[in-house]
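I opened this entry to record a few side-chain and helix contacts. My notes follow the order in which I looked things up.

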Amino acid sequence: MKKNKNIIIALSVFLAVSLAFVFYKAVFSWDAMSVVFVTTEAVPEATPTPEPTIKPSETVSFVGVGDNLIHGMLYMQAANRANGDGYDFSYPYENIEYYFDDFDIKFINQETLVNDAFGPATYPRFSTPTDMGYQVLDMGFNAISMSNNHSYDMGAEGIRSSLDFWSQFDNIAYFGFYTGDDEKEIKYLDVNGVKVAFLAYTMYTNGLSISDESCPKIVFTNDYETIERQVKIAKENADVVIASCHWGYEETNQTIPEQHEIAQKLNEFGVDAIIGTHPHVIQTVEWIENPETGHKTIVCYSLGNFISAQSTANTMLGGMFQFDIVKTYTDLDNNYKISIENPKFVPTVTHYDANYSNVRNYLLKDYTQELANIHGVRAFQDVFSIEFMEKIIYKYIPEEFL
């Protein structure tokens, strides 16, 4: 009986120890504890996948100025300021160059051939020192049109010298001379995700021609076959096509039928903006819309002179033309549309003191009647005044563009 009792006690002890061991394992083992801890943590919420969005639009700002017409008075004054060390052309533009700081593309019609093959020369056959080219670049101009009625003034050698000068610089488009190699010679600028092509055409070369077959030449505004081909190539390679047209009659604010015919043709071909030069005075601005395709072209028929030393009151009034190129994405596949928005005409004034001294330019908004009263042009035409200029502006520039 005692033996059985001992067996029972032994079994009881064994059972108690076994239960204690199991309890210890359950409570104090790492695996068990980890299970307890994991099951007591908060389960994080799943992060939602963001919805895809359309890319924001891109905007490129454009400003264009008219004829940079470098008469003898301008380069002689520049030589005097340089004190025998070349030409200092900075003074004429000091009152106006600040305006260009906020624009991406800055267009200028370089009316006179910048080159170092020939010395400086004035009307009727112009040649301009390359110091003017450096001044143009210092002001930030990066779209330089060279197609105009003075393009052939210095012959083939002058053309090649000018092209050699501009070709030294990156990130500019210099255009207006062509050999027929359109794929190579059409110029482009890439700005803010927008690619812009530039073309230039002229009505006249003052009766001059180039016999050298290998020399690049201008394209005339009535050569629609070449223009259509070039615009087609430009549109295939760019988002926007801007054409410079040197056209019309000098010193008249009235456009002529040929200007409108050319503008209509360029609109049909797909040009987006036309910047007109040559008349030396301002002319109207308008939208042209193709009735068949709906394509719209903004046309500024003449910006007049950016600077000059001419002697008539009307040629002292010029302008700048500005607009935004907007690239708007329309879907998640990055398809987009291009629009020209906010076109504005900004009047400018060329001023000189008595005897053509101190030639310089201003924005009209910065110009004063006190300056107008001492303008050297009054020796030839005393009608010159702020009121005189404002009457021309409001007669020929539609209010929507002012």
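**Rings, charges and a helix pair**

I began with Tyr-336, which counts as partly exposed because its relative accessibility is 38%, between the 20% and 50% limits. I note here that the model is a predicted one.

Next I looked for what surrounds the ring of Tyr-336. Lys-327 lies over its face, 4.2 Å from the ring centre. Tyr-336 also pairs with Tyr-329 in an edge-to-face arrangement, with 6.0 Å between centres and 70° between the planes. Is Tyr-329 buried or exposed? I found Tyr-329 buried, at a relative accessible area of 10%.

Lys-296 sits over the face of Trp-287, at 4.5 Å from the ring centre.

I then turned to the aromatic pairs as a set. How many aromatic pairs does the structure hold? I recorded 24 of them. One that I checked is Phe-107 with Phe-175, a tilted pair with centres 6.4 Å apart and planes at 40°. Why does this pair tie together parts that are apart in sequence? Phe-107 belongs to strand E2 (residues 105–109) and Phe-175 to strand E4 (residues 173–175), so the pair links parts 68 residues apart in sequence. I noted both Phe-107 and Phe-175 as buried. Both also belong to a cluster linked by ring pairs, together with Phe-62, Phe-198, Phe-321 and Phe-323.

I moved on to the helices. Helix H7 (residues 224–237) packs with helix H8 (residues 257–269) at an angle of about 40°, and I noted 9 Å between the axes. The crossing of H7 past H8 is right-handed. Which residues meet between H7 and H8? On the H7 side I listed Tyr-224, Ile-227, Glu-228, Val-231 and Lys-235; on the H8 side, Glu-261, Ile-262, Lys-265, Leu-266 and Phe-269.

My last entry is Thr-130, in helix H4 (residues 130–138). Thr-130 counts as buried because its relative accessible area is 17%, under the 20% limit. Leaving out residues up to four places away in sequence, I found Thr-130 touching Val-114, Asn-115, Asp-116 and Phe-165.

Note on methods. Residues numbered from 1 in each chain as written. Predicted model: local features only at pLDDT ≥ 70, side-chain atom pairs only at ≥ 80, totals over all residues. Heavy atoms only, no water. Axes fitted to C-alpha atoms, helices over the stretch in contact; angles between N-to-C directions. Helix = DSSP H or I, 4+ residues; strand = E, 2+ residues; numbered from the N terminus. Left-handed = near helix turned anticlockwise from the far one by under 90°. Contact = heavy atoms within 4.5 Å. Phe/Tyr/Trp six-rings, centres within 6.5 Å; stacked < 30°, edge-to-face > 60°. Buried < 20%, exposed > 50% of the residue type's maximum accessible area, 1.4 Å probe, protein only. Lys NZ or Arg CZ within 6 Å of the ring centre and 35° of its normal.
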